[in-house]
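Visitor: I have not seen this structure before. Please take me through it by question and answer.

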Amino acid sequence: MFGSSVPEIDVQELARKLASSESFVLLDVRELWELDQAKITDSRLEVAPMSRLSSEGTDALPESAQAKDALLCVMCHHGVRSADVTAWLVAQGWTNVFSVRGGIDEYARMIDRSVGMY
C-alpha cells in the first residue's frame with residue numbers, strides 16, 4: 001500500500017461520529033482475542049477479523065457492511081491493518097470507507113482510556 005492514499009479519519013472525528021446519531025458502521029478488524037483487551041462499546045460496532053477477511057473475502061463482512069456505499073470506519077489496534085483493509089475495500093468497489101488513523105490505541109490515549117489499552 002506504500003505510495004497510495006488511503007481515505008482516513010482521525011480519532012477526534014470518530015469520537016464526533018460516535019457521539020452523534022449518524023448511521024455508519026464501525027468495522028473492527030482486530031482478532032477476537034484483542035477485543036478482550038480494548039473495545040469501543042457502541043451499537044454500530046461490527047467485528048470482522050482480518051484473518052477472516054483474508055480467508056473468506058467480502059463474505060466475512062457483516063451484513064451492515066455489505067453495501068458498497070455504506071459508510072464504514074475501519075479500526076484496528078494502531079491503524080496498519082485498518083489501512084490495508086480500507087485500501088482493499090476501495091479496490092473491491094466500496095466508495096465510503098475510511099481507516100481510523102492510530103486505531104483503538106490512539107482513541108484510548110486521546111479520547112477515552114476506559115476502552116482499554118494493550
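Predicted model: local features only at pLDDT ≥ 70, side-chain atom pairs only at ≥ 80, totals over all residues.

Visitor: In what order do the five strands of the open sheet stand?
Guide: Strands are DSSP runs of E with at least two residues, helices are runs of H or I with at least four, and both are numbered from the N terminus. Two strands pair if DSSP finds at least two bridges between them. The pairing in this open sheet is parallel, and the order is β1-β5-β4-β2-β3.

Visitor: Which strands stand at the edges of the sheet?
Guide: An edge strand here has a single partner, so one side of it is left without a neighbour in the sheet. The two strands in that position are β1 and β3 (45–47).

Visitor: Which residue of β5 is the bridge partner of L72?
Guide: Strand β4 (residues 72–75) runs parallel to β5, and three bridges join them. The partner of L72 in β5 is V97.

Visitor: Which helix does the chain pass through from β4 to β5?
Guide: This β-α-β crossover is right-handed, meaning that with the strands pointing away from the viewer the path from the first strand over the helix to the second runs clockwise. The helix on that path, residues 80–91, is α4.

Visitor: How does α1 lie relative to α5?
Guide: The axes of α1 (residues 11–19) and α5 (residues 103–110) come within 10 Å and cross at roughly 80°. Axes are lines fitted to C-alpha atoms, for helices over the stretch in contact, and angles run from 0 to 180 degrees between N-to-C directions. Angles under 35 degrees count as roughly parallel, over 145 as roughly antiparallel, 65 to 115 as roughly perpendicular and the rest as oblique. That makes α1, relative to α5, roughly perpendicular.

Visitor: Which residues of α5 make the contact with α1?
Guide: Contact means heavy atoms within 4.5 Å. From α1 the contact takes V11, Q12, L14, A15 and L18, and from α5 it takes G103, E106, Y107 and M110.

Visitor: Is L61 buried or exposed?
Guide: L61 sits in the loop between α3 (50–56) and β4, and L61 touches L27, L53, Q66, L89 and W94 when neighbours within four places in sequence are left aside. Buried means under 20% relative accessible area, exposed over 50% and partly exposed in between, with a 1.4 Å probe and protein chains only. At 5% relative accessibility, L61 counts as buried.

Visitor: What is the relative accessible area of S99?
Guide: S99 belongs to strand β5, where S99 is the bridge partner of E8. Leaving aside neighbours within four places in sequence, the contacts of S99 include V6, P7, I9, V74 and T86. S99 is buried, and its relative accessible area is 1%.

Visitor: How far apart are the C-alpha atoms of S99 and G79?
Guide: G79 is also among the residues in contact with S99. The two are 20 residues apart along the chain, and their C-alpha atoms are separated by 7.0 Å.

Terms used:
Residues numbered from 1 in each chain as written. Heavy atoms only, no water.
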